[in-house]
Amino acid sequence: MSDFNTNEMQQETNIQGIDQVMKRSQSAFLAYRNMKGALRATFLEAIATGIEAIGPALIQQAMEETNLPEARLAGERGRTCNQLRQFAALIREGSWVEARIDTAIPDRAPLPKPDIRKMMAPLGPVVVFGASKFPLAYSTAGVDTASALAAGCTVVLKAHPAHPRTSELVADAIAAAARQTGMPPDTFIHIHAPSFEAGKALVQHPVTKAVGFTGSFSGGKALYDYATQRAEPIPVFAEMGSINPVFILPGALKARSEKVAEQYAASITQSVGQFCTNPGLLVSLQSPELDVFRKQLGEKLAAIAPGTMLHPGIASNFVRNRAKALSQQQVSLVAESKEAPKENQGVSSLASVPASEFINNPVLAEEVFGPYSLLVAASGIQELEAALDKIPGQLTATIIGEDDELATYVGFIQKVANKVGRIIINGVPTGVEVCPAMHHGGPFPATTDSRFTSVGTDAIKRFVRPVSYQNFPDVLLPDELKAGNPMNIWRMVNSEWKKA
Ligand code: NAP
């Protein structure tokens, strides 16, 4: 880790500075990529321990910069450290490299078979954009950084300008962990470069090999476009907007509309609606029960006071996007927080529109980032399906239904599943479990690559590529592919799965 991290990183980095930073990251990569998995695991664990050791000062700093409450930030710190330790466990165990060993058959007719061995290799320097909505779990030592470092990539982290000091505290913990565990200098570089020009220069620098981003659609798409304009295009793993549709079936409304309203009032307003999994769209069939539900949900949302949003830009965007949504034809405001909002606060809101209008107006499927949800009432199953057709790719979708009615909607549920990365039955989309089976991604525009997740240990797959080694002498092979490797992992030997 470089000395860069104390003085230089607290100043803004200009375009020339970015060139230097990326070259240093590239030099570090050549050494870091060869560090053993067990050593990199120790580094990740030391980062987690270092973040915990900052203690209440980290939470205090994050509270001041983000307006998020203490309990939420403490939970996010726990998640951040847990993620780091999960990646450490993954790379220490080792099978994530997907080693395949196809040994030679020299006497095979008509042609001899060569010895071919394959495993995952790190891509190179990764640029990570700190995210405003998760100042810890998706920022400096968040999942993008943790998974890239675990893979053997070096990281240049562009601090989000909404929480620069929080980012510095975490970066200091990473620097200390790197020194303590003997990582190469510049394995992780933290910069302040708050301008779109700087973001573009980072993405387009020739040594950058991949980008991790979480934020707005316009931001993520811009970075993706910069990457495709390069002489050598690179992957941008951008997790962007999502309205996370919730389909409420008639039986559930009959049986438990009050309970569903209670669940959803809490989910829509949790963290002032500033989650990528916030349920921004509720869809159901028009009925007397839906009228009751609309009233119940409206009353519950009206009782929830406005909350201060992450930063003034997010608050003003919320006001503008909400006003735009409410000004669309046939959209009516059902309810909003009784209490008037103060500066930078988001007001809890429920709007309603007939499905016939939703189907014809793409503006209604746009994200309003904040505590807002639109209830769409369909006249029948055909209109419900037509509304589904107009919803673009999403991180999640949820079906609320009674056990006996779910079976009659199997075809519809399959169509919903085609559009999303995660489908939930009888729950809420907010609250993303960090575990190996989680997929947090989805078809465009939810992300720029639906094949990959940004939550859970599979996030490491974004920053690696397979390499085959043909006829390599044992001494030149990576350890994982050597004969007699003591690592207890499954691998394919002569096209059969065997335990090494
Ligand atoms: P953002 O605008 O997407 O920005 C995130 C990062 O990307 C920042 O570092 C920003 O650079 C950079 N960036 C954005 N556009 C860029 C461009 N055209 N070229 C180069 N770099 C670019 O997200 P935000 O700052 O967190 O919030 C802004 C708005 O995005 C919010 O009001 C909200 O509506 C929306 N948002 C949506 C989600 C979601 O999950 N869907 C999450 C967060 C925010 P700078 O550091 O130079 O500003």
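## Exercise 1: the ligand and its shell

An N or O atom in the side chain of S216 lies 2.5 Å from an oxygen atom of the ligand. A polar contact is a pair of N or O atoms within 3.5 Å; within protein, one must be able to donate a hydrogen and the other to accept it, and residues adjacent in sequence count only if both atoms are side-chain atoms. Before we go on, note that this is a predicted model, in which local features need pLDDT of at least 70, side-chain atom pairs count only at pLDDT 80 or more, and totals for chains, interfaces and linings use all residues. Residues are numbered from 1 along each chain as its sequence is written, and side-chain values use heavy atoms, with hydrogens and water left out.

**Solution.** 

Step 1. S132 has one at 2.4 Å from an oxygen atom of the ligand, and for N317 the distance between a side-chain N or O atom and a ligand oxygen is 2.5 Å.

Step 2. On its own the ligand has 860 Å² of accessible area, and the protein covers 89% of that (Shrake-Rupley method, 1.4 Å probe; for residues, only the protein chains shown count as cover).

Step 3. Collect the shell. There are 25 residues around the ligand, and S132, K133, S216, Y226 and N317 come nearest; a residue is near if one of its heavy atoms lies within 4 Å of the molecule or strand.

Step 4. Sort the shell by element. Two or more residues each come from α8 (217-229) and α11 (312-326), and α8 gives the largest share, four residues. Helices (H or I, at least four residues) and strands (E, at least two) are DSSP runs, numbered from the N terminus.

Step 5. The shell has 12 nonpolar, 10 polar and three charged residues. Here Ala, Val, Leu, Ile, Met, Phe, Trp, Tyr, Cys and Pro are nonpolar, Asp, Glu, Lys and Arg charged, and the others, Gly among them, polar.

## Exercise 2: backbone exceptions

**Task.** Find where cis peptide bonds and positive phi values occur in loops.

**Solution.** 

Step 1. Recall the background: most residues other than glycine have a negative phi, and most peptide bonds are trans.

Step 2. The bond from A109 to P110 is cis, with omega near 0°, and P110 belongs to the loop between β1 (100-102) and β2 (116-122). F444 and P445 are also joined by a cis bond, with omega about 10°; P445 is in the loop between β16 (420-425) and β17 (464-470).

Step 3. V272 has a positive value of about 50° and lies in the loop between α9 (250-269) and β9 (281-285). For N344, phi is near 65°, in the loop between β11 (332-336) and β12 (345-346).

Step 4. Compare accessibility (buried is under 20% relative accessible area, exposed over 50%, partly exposed in between; 1.4 Å probe, protein chains only). V272 has 13%, so V272 is buried; N344 has 27%, so N344 is partly exposed.

## Exercise 3: a buried serine

**Task.** Where is S139, and which backbone oxygen does its side chain approach?

**Solution.** 

Step 1. S139 is in the loop between β3 (126-129) and α5 (143-151).

Step 2. With 0% relative accessibility, S139 is buried.

Step 3. A polar atom of the S139 side chain lies 2.9 Å from the backbone oxygen of F134.
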